[in-house]
Amino acid sequence: MPLFNQRHQQALTLRRQQGLYRQLQCVDISSLRLNFASNDYLGLAQDSEIITAWQQGLAKYGAGSSASPLVTGFQPPHADLELQLTEWLGYQRALLFNSGFSANQAVLFTLLQAQDQLFQDKLNHASLIEAGMLSPAKMKRFAHNDMAALQQQFLSITPEVDTASLVVTEGVFSMDGDCAPLASLREITTQHKSWLMVDDAHGCGVLGEAGQGSCHLAGIKADILIITFGKAFGIQGAAVLCSQDTAEYLVQFARHYIYSTAMPPAQAVALSRACSLIQTQTWRREKLQALSASLDHYLDKSIGLIPTITPIKPIIIGDSSQTMTIAAQLQQRGIKVGAIRPPTVAPNSARLRITLTANHNKSDIRQLAIALNEVTDAR
Ligand SMILES: *Cc1c(COP(=O)(O)O)cnc(C)c1O
């Protein structure tokens, strides 16, 4: 038997035995009674204004961009969106990418050289950790949100004269819903003449008075800010916010940017509309806060919901199969919640990941809480 077949069978068998087998399910979202597993925090994925904007974009610009940005893929809707993002978030430049995953890889691969030092929070997203491991730089991971540990790591290295250092964190951590200590991170990075990069996939749109995200809320500016459009924007894609020089550097050298077809212009039109709605419709953020308070109110305290200021509400169960069982019991009641297991999270920290969206109402939250109180009581 060819080695690949053997290897795949063994790995799949092991996964099953560990209770970690991932099953791809085709989900008709519209058939879910209550969905607490989406990252559509502001409820924009089904927004009629955004759908109309996308349709108008299609009628005007066609279905696809038909080339990479440096050829003919960069068109007026892309330029308009980039400008809008720079004004909203306070940067000289924005560069669009097709996904957050590729934006993170592009930045880390392009910026870092072999003599450089990279520091990452242990709980950073897989796209960041993987990019760091594959980059030529030396990487250290510091304990989650532990500023003393980061300081210690800075002191433990002996930088060469040409060593550039970069600290990378998420603004809001995707599986825990907690926030990075950005003010301290800014202080420490400045002290060590290091750059700070913040991946704000889960903070952008959700935090800050006009949805500018984690950095704005913390009153700091990151050297590089990553935002993604598959979460609060309700669409798809990402942007890197940075200085003029850094943007030009990426345009010259970032292969994920240069050799990939630009997003459809109609998508950029839809994203621009989403960006406007995020800034003006503050009720969406206010509603999330109210829903969050309702969940706290209705849920039994013994369940151990981790309090967060974000719409991400984890309940750590620990055991993977127990987590799956609880999620299945909820699903039988028409309630979908995320069930997250290792290796996405640390061993023995399997959890339910409940996410709120501005489309939920108080009665939805009450139904979720009643169901959770019941199924976790029977544990
Ligand atoms: C979702 C996510 C990404 C990846 O973004 P995509 O656009 O979905 O590829 C990157 N970083 C973080 C923190 C994320 O949560």
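Two strands count as paired here if DSSP finds at least two bridges between them; strands (E, at least two residues) and helices (H or I, at least four) are DSSP runs, numbered from the N terminus. With that in hand, welcome to this predicted model, in which local features need pLDDT of at least 70, side-chain atom pairs count only at pLDDT 80 or more, and totals for chains, interfaces and linings use all residues. Residues are numbered from 1 along each chain as its sequence is written, and side-chain values use heavy atoms, leaving out hydrogens and water.

**The four-stranded sheet**
- An open sheet of 4 strands runs in the order β1-β10-β11-β9, with mixed pairing.
- β1 (34-36) and β9 (312-318) each have a single partner strand, so one side of each has no neighbour in the sheet.
- From one strand to the next, the twist averages 30° (axes are lines fitted to C-alpha atoms, for helices over the stretch in contact, and angles run from 0 to 180 degrees between N-to-C directions).
- β9 and β11 (350-355) are antiparallel and joined by 6 bridges, with Pro314 opposite Arg353 in β11.
- Helix α15 (362-377) packs on this sheet and touches β1, β9, β10 (335-340) and β11, its direction making about 80° with that of β1; contact means heavy atoms within 4.5 Å.

**The seven-stranded sheet**
- Another open sheet has 7 strands in the order β2-β8-β7-β6-β5-β3-β4, again with mixed pairing.
- Its edge strands, β2 (93-97) and β4 (138-142), pair on one side only.
- Strands β5 (165-170) and β6 (195-199) pair in the parallel sense over 5 bridges, and Leu166 faces Trp195 in β6.
- Helix α8 (182-191) packs on the sheet, touching β4, β5 and β6, at about 155° to the direction of β6.

**Lys231**
- UniProt, in an unreviewed entry, places "modified residue: N6-(pyridoxal phosphate)lysine" at Lys231; positions follow the numbering used here, feature names are shortened, and annotations may be inferred rather than shown by experiment.
- Lys231 lies in the loop between β7 (224-228) and β8 (238-242).
- Lys231 is buried, with a relative accessible area of 17% (buried means under 20%, exposed over 50%, partly exposed in between, with a 1.4 Å probe and protein chains only).
- Beyond its neighbours within four places in sequence, Lys231 is in contact with Asn39, Asp40, Tyr41, Ala201 and His202.

**Two domains**
- The chain divides into domain 1 (23-42 + 282-377) and domain 2 (48-280), with bounds from an automatic or database domain assignment.
- In the contact between them, 17 residues of domain 1 meet 24 residues of domain 2.
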